[in-house]
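Here is a brief report on one protein chain. It starts with charged side-chain pairs and then turns to the overall fold.

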Amino acid sequence: MSTVNATLPGVFYRRPSPEQDPFVEEGAAVRQGQTIALIEVMKTFSEIKAEQAGTIGRFLLEEGDEVEAGQGVVEVVSP
């Protein structure tokens, strides 16, 4: 299992907009480079991407949580 970490501080979001579904759910398969969440800093959104293929284990943050650079965001289980 590996942990995907935030690359910068900001606000964590699991969906592209409030009325859309999350990028990915816990238990779903992801491919390397797939967008799994966003971090918003001063109205600028940066994508968080899966660093490897696998299955989403669990998210370590809730929608709208403040996040620090280097903080764990999601656990990915290797295939």
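## A pair close in sequence

Glu47 and Lys49 join their side chains in a salt bridge, with N and O 2.7 Å apart. A salt bridge here is a side-chain nitrogen of Lys or Arg within 4 Å of a carboxyl oxygen of Asp or Glu. Glu47 is partly exposed at 45% relative accessibility. Lys49, at 37%, is partly exposed too. Buried means under 20% relative accessible area, exposed over 50%, and partly exposed in between (1.4 Å probe, protein chains only).

This is a predicted model: local features need pLDDT of at least 70, side-chain atom pairs count only at pLDDT 80 or more, and totals for chains, interfaces and linings use all residues. Residues are numbered from 1 along each chain as its sequence is written, and side-chain values use heavy atoms, without hydrogens and water.

The structure holds four salt bridges. One of them joins Arg15 to Glu63, with the closest N and O atoms 3.9 Å apart. This pair links distant parts of the chain, 48 residues apart: Arg15 sits in the loop between strand 2 (10-13) and strand 3 (29-30), Glu63 in the loop between strand 6 (54-59) and strand 7 (66-67). Arg15 is partly exposed at 25% relative accessibility. Glu63 is partly exposed at 36%.

Glu75 pairs with Arg58, and here the closest N and O atoms are 3.3 Å apart. Glu75 belongs to strand 8 (residues 72-77) and Arg58 to strand 6, 17 residues apart. Is Glu75 buried or exposed? Glu75 counts as buried, at 15% relative accessibility. Arg58 is partly exposed at 42%.

The chain carries 6 positive and 13 negative side chains. Lys and Arg count as positive, Asp and Glu as negative; His and the chain ends are not counted. The centres of the two sets lie 4 Å apart, with each charge placed at NZ of Lys, CZ of Arg, CG of Asp or CD of Glu.

## Overall fold

The chain has eight strands and zero helices. Both are DSSP runs numbered from the N terminus: helices are H or I, at least four residues, and strands are E, at least two. The radius of gyration is 11 Å, close to the 12 Å of the globule rule for 79 residues, so the chain is as compact as a globular protein of that length. The radius is taken over C-alpha atoms; the rule is 2.2 Å times the number of residues to the power 0.38.

Of the 79 residues, 37% count as buried. The C-alpha trace spans about 35 × 30 × 20 Å along its principal axes.
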